[in-house]
Amino acid sequence: MTRTVRFPMALLFLLLLVLAAPALAQAPEAEKPPEDDEFALLESARLMRDSGNVQFNFQDVEMVKFVRFMSELLQENLVMTPDVKGSISVISPKPVPIRDARQVLLSVLEMNGYTLQKVGAFSKIVPFDPGASAESDVRSGRSGPGEGAQTVSQVVPLNYVTADFILQAVIQASGKTVTAQSVGRGNDILLTGRATDVNRALSVIRALDRPDRIVNSKTIKVQYGTPEMIASHLATLAQVPGGPLYGLAVVADASGRQIVIAGEEREMRHAEKIIAELDVVPKTGELHVYQLKNADAKVVSEQLTTILAAQAATGKLVASVVPDIPTNSLIVAASPNVFKTISEIINTIDTLPRQVLIRGLIAEVNLTKLDNAGIDWATWGGSVAGDAVIAGQMNMGGAVPGSVIDWFRELSKSETTYRTGTDSQGNPTYGLKTEYKGMGLVYAYLDLLKKFDAINVLSMPRLMCTNNQPSELQVGQVIPQLKGKLSDISSASSVQNSYEYKDTGLILNVTPSIRSGNLVALDVEQIVEEVLTAMTSETPVTSKRKIKTNVMVASGNTLILGGLIKEAEKSIKSRVPGLSYIPLVGGLFTRSVKQREKIELMIFLTPYILETPEEAAAMTNEIAAGERGPSVMEKTLWERMEKEYREAIKTQSK
């Protein structure tokens with residue numbers, strides 16, 4: 001049913017009069033006294049209050065007039081300071097119930113930076129401050145302050161939970177418009193903000209502060225079972241998200257044969273039920289000892305505990321496993337049927353781990369030949385004429401060294417003494433005059449160098465590994481490298497160096513994995529790094545060869561991991577223009593450099609699967625006796641490289 005609100009004709013006439021007041025005020029010939037405008041405004045407020053509805057149609061009306069209108073409409077004493085100024089516009093096409101008129105007043109004040117503060121029988125219009133209460137009294141209780149934009153402060157008592165338990169949720173739900181903090185002993189929360197937002201925060205507190213949210217603790221005696229085993233099962237179930245025990249805290253007291261649980265009432269009821277089902281009289285044969293032959297008791301115990309914890313949630317394989325390190329045994333608490341299943345699992349993984357012997361071969365030949373012959377020419381000279389210096393320098397393949405220039409300067413210098421006058425006692429005084437003669441210097445540098453380097457490197461690392469276990473072999477040096485220098489501003493000469501250390505030499509990292517068919521999968525990283533500069537250098541230069549790969553090879557077979565064959569030849573010829581083309585003497589103004597370099601690097605790897613310790617011992621004896629040498633492929637490669645090296649030595653000796 002729709003109710004139509006009809007306004008009296010007098011009300012409509014007064015509204016039109018109020019709307020026309022600003023326009024009439026602009027026309028000097030129709031200017032009306034301010035008392036008539038205020039009377040019409042107040043009369044409109046009375047008529048709207050009597051009708052129960054209000055319709056706003058203010059455009060650029062002074063704040064003072066609007067407050068006067070609302071004071072009459074709400075029948076509320078409003079006090080404002082002289083600095084409350086400004087113009088507002090409020091338009092409501094449809095009538096608004098009189099009960100919502102105060103909310104309109106609060107919204108208009110807030111948009112203009114003001115709010116209401118209740119003081120006894122009247123309300124003050126004060127500047128809006130989100131961080132402070134606009135009401136002189138601080139509220140207390142669990143009932144809200146009502147709707148509104150005024151800033152209020154309210155202390156909310158908590159009946160069941162502590163403030164720390166729900167404070168974060170209240171802050172997130174309320175946003176930045178409400179400040180919430182714990183007060184007292186943590187049983188109260190202080191809320192400060194707009195009345196509407198404080199109401200929303202109170203609804204969140206009432207939803208969380210319930211009797212079922214109380215966290216209690218309880219001690220339960222264990223009569224037959226093991227407190228540690230039962231607590232372990234409960235702790236596993238407490239980590240399952242969404243489970244009936246999720247979030248439950250469990251502590252086993254072995255000396256007192258009891259279990260302490262802490263959580264909400266619902267979780268504790270489920271925990272008590274599970275403890276009662278597990279705390280039963282043990283049947284004959286529920287405690288078993290399994291002696292491991294090959295595997296490590298601690299590792300197997302961790303693996304079984306992970307499996308049993310997952311199965312306990314579904315009620316299958318309810319058991320507990322504890323390792324006995326000194327005897328390398330497992331103590332299993334389970335029924336005979338469950339222990340039979342566990343024994344089959346243990347028997348499968350309790351096998352003798354196989355071993356793999358890795359034999360490597362690193363062969364490298366580096367041959368370098370250098371021919372450097374020729375003459376470098378340079379000229380330098382000059383003279384001093386008065387205040388002018390005339391000097392020149394010409395380089396024809398090289399430059400005059402600084403030490404030679406210093407010697408030349410000393411040769412061209414002449415010093416003479418002359419009388420400058422007399423001193424105070426009449427004795428003659430003399431001075432020293434330095435002069436340089438105009439001279440020239442021709443510098444020639446003869447270079448006759450023939451160099452031949454031959455390097456032969458052979459490395460055969462051997463490494464015994466356990467199947468599926470990473471192993472590492474390193475033979476070399478650890479060298480320091482300058483990382484940084486630190487100096488003090490007050491003492492620039494005091495410098496502190498920081499170094500980092502680098503591994504060099506032969507480094508072999510390998511993880512073997514035995515596959516079916518006598519195959520071995522190798523995860524290999526082999527590094528050969530040598531220092532090229534002197535060890536005294538702050539930043540030593542190294543040469544590095546690295547291979548990182550995954551390969552598959554049969555036991556006893558040799559596989560090449562990588563190699564490098566490099567041949568480089570460089571020829572440089574420099575000559576003086578014009579002079580180098582003169583017959584017979586042109587060779588004196590020519591310089592030639594020829595360099596040839598050959599590098600050959602091969603890296604091989606051979607794995608041997610050793611099934612038993614006896615095979616490992618036999619392999620050790622064979623290696624010590626020299627019976628396990630390089631394979632045919634490796635021998636062929638080594639003989640070829642050795643031949644190249646010998647030929648290089650003969651060439652060098654000629």
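The structure holds 9 salt bridges, a salt bridge being a side-chain nitrogen of Lys or Arg within 4 Å of a carboxyl oxygen of Asp or Glu. The model is a predicted one, in which local features need pLDDT of at least 70 and side-chain atom pairs count only at pLDDT 80 or more, while totals for chains, interfaces and linings use all residues. Residues are numbered from 1 along each chain as its sequence is written, and side-chain values use heavy atoms, with hydrogens and water left out.

The side chains of R46 and E72 meet in a salt bridge, at 3.3 Å from N to O. R46 belongs to helix α2 (residues 34-51) and E72 to helix α3 (residues 63-74), so this contact ties together parts that are 26 residues apart in sequence. Helices here are DSSP runs of H or I with at least four residues, strands are runs of E with at least two, and both are numbered from the N terminus. E72 also forms a salt bridge with R49, the closest N and O atoms being 3.5 Å apart. R49 likewise lies in helix α2, so its pairing with E72 in helix α3 joins parts that are 23 residues apart in sequence. E72 is buried, with a relative accessible area of 12%, whereas R46 is partly exposed at 29% and R49 is partly exposed at 26%. Buried means under 20% relative accessible area, exposed means over 50%, and partly exposed lies in between (1.4 Å probe, protein chains only). Together with E43, the residues R46, R49 and E72 are linked in a network of salt bridges.

Another salt bridge brings R354 and E611 together, with their closest N and O atoms 3.2 Å apart. R354 is in the loop between α10 (336-349) and β18, and E611 is in the loop between β31 and α12 (613-624), so the pair ties together parts that are 257 residues apart in sequence. R354 counts as partly exposed at 28% relative accessibility, and E611 is partly exposed at 32%.

Strand β18 (residues 355-385) contains L367, which is buried, with a relative accessible area of 14%. The C-alpha atoms of L367 and E567 are separated by 9.4 Å, although these residues are 200 residues apart along the chain.

Aromatic side chains come next. The structure holds 4 aromatic pairs. Rings of Phe, Tyr and Trp (its six-membered ring) pair if their centres lie within 6.5 Å; planes under 30 degrees apart count as stacked, over 60 as edge-to-face and the rest as tilted. The ring centres of F56 and F58 are 6.3 Å apart and their planes meet at 45°, so this pair is tilted. F58 also pairs with F66 in an edge-to-face arrangement, 5.8 Å centre to centre and with 85° between the planes. F56 is buried at 2% relative accessibility, F58 is buried at 6%, and F66 is buried at 0%. With F69, the residues F56, F58 and F66 form one aromatic cluster.

Axes are lines fitted to C-alpha atoms, for helices over the stretch in contact, and angles run from 0 to 180 degrees between N-to-C directions. β3 is joined by 4 bridges to strand β7 (residues 122-127), and the two run parallel. M80 stands opposite I125 in β7.

The other sheet has 3 strands in the order β15-β17-β16, with antiparallel pairing. β15 (287-291) and β16 (320-324) stand at its edges with a single partner strand each, so one side of each has no neighbour in the sheet. Here neighbouring strands are turned by 25° against each other on average, direction ignored. Between β16 and strand β17 (residues 329-333), which run antiparallel, there are 5 bridges, and P323 stands opposite L330 in β17.

Notes. Pairing = 2+ DSSP bridges.
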